[in-house]
Amino acid sequence: MKHQISIILFLILQTLFVSGQTNTATQQSYHKIDSLFNVHYKSNTTGAAFAIIKDGETVYKSAMGLANVEYNIPITDSTAFCIASISKQFTTYLALQLEQEGKLSFSDDIKIYLPELSHLPNKITIKDLTNHTHGLPNSYELAHLKGILPHGKMNHQQALKMLLNIKQTNFNVGDQYEYSNTGYMLLAEIIERIGKKPFKEQLEEKIFLPLGMNNSQAVDDVNNVVRNKAYSYRFVNNEYENQSIKLSAIGSSGISATINDMILWAKNYQNPTIGNRTFYNKMQEATILNSGQKIDYGLGLQSGTYKGLDIVFHGGGTESYRSYILHIPKHQLSMVILANTGDFSALDIVYQTIDILLKNDIKTKKLTKVKSNHKQLKKHEGTYEWHPGVYFNIVAVKDSLYFQNFGTENLDLLPQLDENTFEFPYIRYSNFTFYEGKIDFRIADFTYECFKTDIQQVNPDELNLSNFTGIFRNKEHKITYELIVVDNQLHLKRVFGNDIILNPIISNSFYSAGFGKLDFVYDSNGLVKGFKFSGRNIKNIEFKK
């Protein structure tokens with residue numbers, strides 16, 4: 001009997017010892033995370049709130065920095081941040097609840113609910129809206145084209161009216177993936193029309209209140225008061241400037257939430273109490289384009305891998321607000337960070353936290369020095385189009401590859417990471433991966449396809465610029481521009497802002513890197529009758545003379 005008691009005591013002591021070791025190791029990990037967090041954020045600057053959720057429990061929470069610089073108000077776990085594009089997953093979740101109730105289907109044509117868009121030639125489904133394959137021009141760029149942004153402000157109803165006037169798509173539905181806010185703004189309107197009450201009220205009734213997210217709301221007007229708000233600032237010339245949100249875009253952005261509320265949302269992912277696991281499975285499912293190409297973005301959630309770990313995530317950013325939520329399903333581990341810093345610190349915190357907490361589970365790639373020769377690099381040379389009107393050159397010099405802004409002489413080195421991937425060290429978390437005829441330009445979670453283009457730039461002196469002058473109008477969005485010649489350069493004049501200098505690419509196309517590209521259209525007599533404007537997330541908007 002004494003022998004049995006001795007064995008039991010030994011096992012208990014061994015368990016306590018092992019448990020003590022684990023707790024000590026865990027505490028050490030959190031001390032490291034604390035140190036990491038304090039390196040990135042200071043008490044007297046803008047900052048962030050960060051939380052870690054493991055197996056349905058909050059195991060770490062911290063806040064640092066100022067929510068309001070003018071009044072020296074610190075960030076706490078009750079500070080409300082604009083979570084920007086993380087809002088998209090709430091919109092999808094609400095739509096999935098309505099689908100479960102039989103009130104809509106993700107395969108429905110949006111024209112059923114939005115007859116204002118019945119003139120569009122292709123069927124666009126609700127699913128197309130949520131996986132960014134709809135091809136509709138983006139709201140922000142349209143507002144910029146109209147001259148409302150970035151100098152003015154636009155509430156949600158004004159933005160929605162603009163979107164319901166869209167007359168054409170950038171591409172055929174399902175041909176491309178192009179991240180955009182338009183789809184989710186339209187989905188919010190569909191939800192309003194189906195539910196017969198404001199989107200923000202349905203969001204509150206079906207998600208926020210059931211989860212206890214009592215300090216979260218959808219803000220449909222930038223002038224609305226948000227209690228305990230973190231303000232957005234940018235740091236210029238050693239001082240802070242207010243950088244407020246200009247476009248209220250509920251559905252795609254616009255949700256204001258605290259870190260405490262976002263913890264509840266992360267817990268619902270780990271163990272759904274509203275909705276169910278099939279919702280998240282649908283949201284995580286990869287998108288397949290018409291070509292068969294697989295896109296890792298689903299319906300408001302993106303999937304990927306980090307050092308061998310399967311991750312599910314989404315980020316958000318508008319003005320200086322930054323947000324990020326990441327789940328590692330295998331480990332029932334989630335992280336949420338909300339910030340008003342306007343930089344990449346949030347990504348640093350999240351991914352370095354994974355390195356600390358799961359150091360025994362991650363697979364680090366062995367760095368092998370790769371160096372291509374000049375012949376191998378030469379095939380990457382050429383001019384590439386990032387967006388219409390934004391071009392850059394890739395130049396091979398000896399055994400190195402360089403980036404060159406189009407129309408300049410400066411060369412910037414691209415360090416080689418592997419056979420076809422090169423770091424772009426001038427933007428954090430970015431690289432170029434080369435394929436035949438194109439580059440995938442990766443910036444954080446976004447991948448932009450940049451296609452090689454053959455531009456034989458013409459000399460402005462060889463063109464009769466007066467042929468392109470006149471007053472041009474876009475009817476659908478009520479935009480008027482005037483083109484004039486000043487000092488042998490073509491200028492685009494607007495009723496707002498400064499003139500834009502247009503540079504010729506070919507004899508009938510002009511561009512401005514910060515604006516876009518104009519392709520002129522001629523009548524049967526060879527006279528200019530208009531142009532088609534293309535820019536980031538906007539293609540072939542017609543202007544008539």
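Student: Which residues in H5 meet which residues in H6?
Tutor: First, a caution: this is a predicted model. From H5, the residues are His-156, Ala-159, Leu-160 and Leu-163. On the H6 side they are Thr-182, Met-185, Leu-186 and Glu-189.
Student: How does that contact split by class?
Tutor: It has 5 nonpolar, 2 polar and 1 charged residues.
Student: At what angle do the axes of H5 and H6 cross?
Tutor: Roughly 105°, and the axes come within 11 Å. H5 covers residues 156-163, and H6 covers 182-195. Angles of 65 to 115 degrees count as roughly perpendicular, so that is how H5 and H6 sit to each other.
Student: Which residues of H5 are buried?
Tutor: His-156, Ala-159, Leu-160, Met-162 and Leu-163. They span an arc of only 160° around the axis, so they lie on the same side of H5.
Student: What covers them?
Tutor: The cover includes helix H4, residues 139-146, as well as H6.
Student: And what caps the N-terminal end of H5?
Tutor: Asn-155 does. One of its side-chain oxygens is 3.2 Å from the backbone nitrogen of Gln-157.
Student: New topic. Where is Asn-170?
Tutor: In the loop between H5 and H6.
Student: What else does Asn-170 touch?
Tutor: Leaving out residues up to four places away in sequence, its contacts include Gly-135, Leu-136, Pro-137, Glu-178 and Ile-538. Asn-537 and Lys-539 are on that list too.
Student: What does its side chain reach?
Tutor: The backbone oxygen of Ile-349, at 2.6 Å.
Student: Which residues is Thr-353 in contact with, beyond its sequence neighbours?
Tutor: Ile-33, Leu-36, Phe-50, Ile-52 and Met-335, leaving aside those within four places in sequence.
Student: Last one. How far is Thr-353 from Asn-223 in space?
Tutor: 36 Å, C-alpha to C-alpha. In sequence, they are 130 residues apart.

Key. Residues are numbered from 1 along each chain as its sequence is written. This is a predicted model: local features need pLDDT of at least 70, side-chain atom pairs count only at pLDDT 80 or more; totals for chains, interfaces and linings use all residues. Side-chain values use heavy atoms; hydrogens and water are left out. Axes are lines fitted to C-alpha atoms, for helices over the stretch in contact, and angles run from 0 to 180 degrees between N-to-C directions. Helices (H or I, at least four residues) and strands (E, at least two) are DSSP runs, numbered from the N terminus. Angles under 35 degrees count as roughly parallel, over 145 as roughly antiparallel, 65 to 115 as roughly perpendicular and the rest as oblique. Contact means heavy atoms within 4.5 Å. Ala, Val, Leu, Ile, Met, Phe, Trp, Tyr, Cys and Pro count as nonpolar, Asp, Glu, Lys and Arg as charged, and the others, Gly among them, as polar. Buried means under 20% relative accessible area, exposed over 50%, partly exposed in between (1.4 Å probe, protein chains only). The arc is that of the directions from the helix axis to the C-beta atoms. A polar contact is a pair of N or O atoms within 3.5 Å; within protein, one must be able to donate a hydrogen and the other to accept it, and residues adjacent in sequence count only if both atoms are side-chain atoms.
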